[in-house]
Amino acid sequence: MISIEKFEIFGREIWIAVVFEEKIDGITFSLDGCEYLMERINSLKALLERRNVSVNLAEEKSDYPKIVYNVLVGDIENQDALRFLSFRGVTPFEKKVYEVLTKKVKRGSVITYGELAKMLSTSPRAVGNAMKRNPYPIIVPCHRVVLKSGLGDYTPKREYKQFLLEIEGVKGWTS
């Protein structure tokens with residue numbers, strides 16, 4: 001199933017789409033309208049299906065988009081929302097990366113790929129690859145992982161990473 005809802009934050013519309021069965025299998029969002037959201041949904045569907053997670057895009061109303069929004073605005077702590085995630089199709093390594101990131105890097109702060117890699121006894125590249133494949137953006141705050149020398153990339157758009165950090169009050173990495 002998929003549940004889609006539109007919210008307003010910082011004077012902008014944000015469309016949040018959540019793919020789920022019993023729990024959340026994937027999240028995507030758009031700051032560029034519903035049409036772009038449909039592109040993001042197709043990308044999410046492809047990612048999940050490559051991971052052998054069946055996806056039914058029949059629309060069904062759920063509380064999941066509101067939960068994601070509440071995490072975004074800080075009304076729900078990221079780590080408290082982990083319980084809503086299915087982790088289906090996620091490797092054990094990715095799950096570990098996502099849980100450590102979500103529990104250790106709090107709202108309003110950032111960590112470098114290298115620092116997170118050191119915490120996990122792995123390489124920055126492995127962390128970066130896990131971030132790139134994160135099916136749970138916003139709840140698993142991959143936007144909080146930055147380069148030592150700057151913001152770094154973000155799927156789907158670097159501007160989205162900057163916006164998410166600005167919402168959280170992060171100043172140094174967004175200018």
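Predicted model: local features only at pLDDT ≥ 70, side-chain atom pairs only at ≥ 80, totals over all residues.

Residues are numbered from 1 along each chain as its sequence is written, and side-chain values use heavy atoms, with hydrogens and water left out.

**Helix 1**

- Helix 1, residues 33-50, has 18 residues and reaches 26 Å from its first C-alpha to its last, close to the 26 Å expected at 1.5 Å a residue (the expected span is 1.5 Å times one less than the number of residues; helices are DSSP runs of H or I with at least four residues, and strands are runs of E with at least two, numbered from the N terminus).
- Y36, L37, R40, I41, L44, L47 and L48 of helix 1 are buried, where buried means under 20% relative accessible area, exposed over 50% and partly exposed in between, with a 1.4 Å probe and protein chains only.
- Seen down the axis of helix 1, these buried residues fall within an arc of 150°, so they line one face of the helix (the arc is that of the directions from the helix axis to the C-beta atoms).
- On the other side of helix 1, E35 and R50 are exposed.
- The cover over the buried residues of helix 1 includes strand 1 (2-9), strand 2 (12-20), strand 3 (24-30) and helix 7 (158-167).

**Helix 5**

- In helix 5, the buried residues are Y113, L116, A117 and L120.
- Viewed down the axis of helix 5, its buried residues fall within an arc of 100°, so they line one face of the helix.
- Just after helix 5, S121 takes a positive phi of about 55°.

**Helix pairs**

- The axes of helix 5 (residues 113-120) and helix 6 come within 8 Å and cross at roughly 105°, which makes helix 5 roughly perpendicular to helix 6 (65 to 115 degrees counts as roughly perpendicular, under 35 as roughly parallel, over 145 as roughly antiparallel and the rest as oblique).
- The contact (heavy atoms within 4.5 Å) is made by Y113, G114, L116, A117 and L120 of helix 5 and by P124, V127, G128 and M131 of helix 6.
- Helix 4 (residues 92-104) and helix 6 (residues 124-132) pack at an angle of about 90°, with their axes 10 Å apart; helix 4 and helix 6 are therefore roughly perpendicular to each other.
- F93, E94, V97, Y98 and L101 of helix 4 meet A126, A130 and M131 of helix 6 in this contact.

Notes:
Axes fitted to C-alpha atoms, helices over the stretch in contact; angles between N-to-C directions.
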